[in-house]
Amino acid sequence: MTQISYRAAICTALSGPDSIRIEDQAVLPLQPGQVRLAVKAAGLNFPDLLMTYGKYQFRPEPPFVPGMELAGEVLEVAPDVTRWRVGDRVSGGNKNGAFAEQIILDATLLRPLSAALSFEEGACWQAAAVTAWHALHDKADLKAGESVLVLGASGGVGMAAVGLARHRDAVVIGTGSTAEKRAAILAAGADHVLDPADPDLAAKVKGLTGGKGVDVVYDPVGGDLAITATRAIAYGGRYLIVGFASGTIPQFPANHAMIKGYSLIGLRAGESSRRDPDLAERTRIALTALADQGVMRPHISHRFALDQAADALKVMETRSVIGRAVITMA
Ligand SMILES: NC(=O)c1ccc[n+]([C@@H]2O[C@H](COP(=O)([O-])OP(=O)(O)OC[C@H]3O[C@@H](n4cnc5c(N)ncnc54)[C@H](OP(=O)(O)O)[C@@H]3O)[C@@H](O)[C@H]2O)c1
């Protein structure tokens, strides 16, 4: 019997996760170029939460289904789509729509899901992995034996950077604000962990690098921690500005960057690939190989059913996620 509806988490008002309702959605016909997926798992990203408050740069009007990242199985392909077949394991995503049992996506937004990754892992892999890759490979050109300080190393993009830096045989120092987070950062491959609130953080980083300081800082946190990290960077180092999870944009003193000869390097992983198709293709090839080797395999600390989508979004507000949170469909 042909299915006529599926369940989805609907954001019904821009008042945050409490506005989420689980409702039936009608199955719509495919348009040319589209693929219908059975969503198996959806990864939580901070913008999913912001969108439920109408506070993200992309501001859909309710009702809408949140969720940017997913992995699943192909259920149906439009007649003009030749790249995918029914039953293919894929990952992908769009600006929203993933917190549902089904989603329709443009065929170009899908990637094969590596056999090395489960659906849950695949739903959390791409965005963090491409960010870590673009930062450490394209921007910092991190070499074996160099040292890297990863701030927010228990977070999504932080933990991916720990895994990639480890894979490249760098010396990895990660910061984590709780003992549980620091244990997870070590398990992800860091050589050393430090508490970001430690007043001696910069001195300790220098101590771990023979007094030199780190060659690379990877910073998805910002705030005061960023300024502390510039005191721990080596002469001629590279400071990667990834994001501002702390909510505060740091003001870097230009004279300090000059005196220590370090570079401040901003990056936007997704935008760089959109602007440069050759870079996008090189990235695709590199990430396919890394996924197959299980590099940057996500740590998942929180799992939710679709019925608990509101709780899943709320946990993003608590700073308690280690690695990633995921919604798994029944
Ligand atoms: N530039 C790019 O291309 C790019 C791509 C993706 C994401 N980003 C950005 O990178 C940032 C991090 O993203 P993510 O997905 O890794 O986030 P996440 O999973 O929430 O991790 C952020 C980490 O930051 C630390 N943190 C410090 N102060 C915090 C605060 N007040 N609230 C929450 N966390 C705080 C936390 O670790 P501790 O508790 O140990 O401090 C946390 O693990 C975001 O700003 C995101 O927009 C940038």
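Which helix gives the largest share of the shell around the ligand? That share, 3 residues, comes from α4. The model is predicted, and local features need pLDDT of at least 70, side-chain atom pairs count only at pLDDT 80 or more, and totals for chains, interfaces and linings use all residues. Residues are numbered from 1 along each chain as its sequence is written.

The ligand has 27 residues around it, and Gly-152, Gly-155, Gly-156, Ser-177 and Gly-243 come nearest. A residue is near a molecule if its C-beta atom, placed from the backbone, lies within 6 Å of it. The shell divides into 12 nonpolar, 12 polar and 3 charged residues; Ala, Val, Leu, Ile, Met, Phe, Trp, Tyr, Cys and Pro count as nonpolar, Asp, Glu, Lys and Arg as charged, and the others, Gly among them, as polar. At least two shell residues come from each of α3 (126-139) and α4 (156-167); helices are DSSP runs (H or I, at least four residues), numbered from the N terminus. Domain 1 (5-125 + 298-328) and domain 2 (127-271) each supply at least three residues of the shell, with bounds from an automatic or database domain assignment.

The largest nonpolar core has 95 residues, and Ala-132, Ala-161 and Tyr-218 have the most contacts inside it. Because domain 1 and domain 2 both give residues to this core, it lies between them. Such a core is a set of buried Ala, Val, Leu, Ile, Met, Phe, Trp, Tyr and Cys residues joined through C-beta atoms within 7 Å, where buried means 20 or more other C-beta atoms within 10 Å of the residue's own, C-beta atoms being placed from the backbone. Leaving aside neighbours within four places in sequence, Tyr-218 is in contact (C-beta atoms, placed from the backbone, within 7 Å) with residues including Ala-135, Val-148, Ala-161 and Leu-240.

Note on methods:
A residue is buried if 20 or more other C-beta atoms lie within 10 Å of its own, exposed if 12 or fewer, and partly exposed in between; C-beta atoms are placed from the backbone. Two residues are in contact if their C-beta atoms, placed from the backbone, lie within 7 Å.
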